[in-house]
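Hi everyone, thanks for coming. I'd like to walk you through a structure that may be new to you, so please have a look at the screen.

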Amino acid sequence: MDAIRARTVPERLEEWRQLNEAGAIMEEQSVRNRHPEYNDREVFLALVVSRYGEELALEVWPDSVGIEP
């Protein structure tokens with residue numbers, strides 16, 4: 001905890017941004033590994049379904065029907 005406290009707020013925010021970016025990259029790669037047949041649009045839709053649920057995804061992106069996260 002001392003190491004974290006020693007960082008400035010901008011340093012902590014940058015670390016948080018990097019961790020979020022790394023998490024998003026890993027999440028996308030996980031979908032690509034599970035569904036190598038998916039194109040970029042289908043990967044995007046799978047991420048939407050995973051994050052927000054099928055019902056909301058279908059309301060906003062009707063072409064997400066049948067997409068497995």
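**A walk through the model**

Let me begin with R41, which is partly exposed, with a relative accessible area of 39%. Before going further, please keep in mind that this is a predicted model.

Which residue forms a salt bridge with R41? The partner is D63, and the closest N and O atoms of the two are 3.1 Å apart. This pair links distant parts of the chain, since R41 sits in helix α3, residues 40-52, while D63 belongs to the segment after α4 (54-60), 22 residues apart. D63 also counts as partly exposed, at 40% relative accessibility.

Let's stay with salt bridges for a moment. Side chains of opposite charge can pair when their charged atoms come close. How many salt bridges are there by the rule used here? The count comes to eight.

One of them joins R32 and E28, with their closest N and O atoms 2.9 Å apart. These two residues are four apart in helix α2, so about one helical turn separates them.

Another salt bridge runs between E15 and R7, where the closest N and O atoms are 3.0 Å apart. Here E15 has a relative accessible area of 32%, which means partly exposed, and R7 counts as partly exposed with 28%. We also have a network of salt bridges, in which E14, R17 and E21 are linked.

Now for the aromatic rings. If you search the whole structure, you find one aromatic pair. The pair is made by F44 and W61 in an edge-to-face arrangement, with 5.5 Å from centre to centre and 85° between the planes. Why does this pair tie together separate parts of the chain? Because F44 lies in helix α3 and W61 in the segment after α4, the pair connects parts that are 17 residues apart in sequence. As for accessibility, F44 counts as partly exposed at 35%, and W61 is partly exposed with a relative accessible area of 25%.

Next, let's go inside. What makes up the largest nonpolar core? That core has seven residues: V31, Y38, V43, L45, A46, L47 and I67. Helix α3 supplies the largest share of this core, four residues. Leaving aside neighbours within four places in sequence, L47 is in contact with E27, E28 and V31.

L13 is found in helix α2, which covers residues 9-34.

Last stop, please find A6 in helix α1, residues 2-6. A6 is exposed, with a relative accessible area of 64%.

To recap the two links I'd point to on screen: D63 with R41 as a salt bridge, and F44 with W61 as an aromatic pair.

Terms used
Residues numbered from 1 in each chain as written. Predicted model: local features only at pLDDT ≥ 70, side-chain atom pairs only at ≥ 80, totals over all residues. Heavy atoms only, no water. Salt bridge = Lys/Arg side-chain N within 4 Å of Asp/Glu carboxyl O. Buried < 20%, exposed > 50% of the residue type's maximum accessible area, 1.4 Å probe, protein only. Phe/Tyr/Trp six-rings, centres within 6.5 Å; stacked < 30°, edge-to-face > 60°. Core = buried A, V, L, I, M, F, W, Y, C linked by side-chain atoms within 4.5 Å. Contact = heavy atoms within 4.5 Å.
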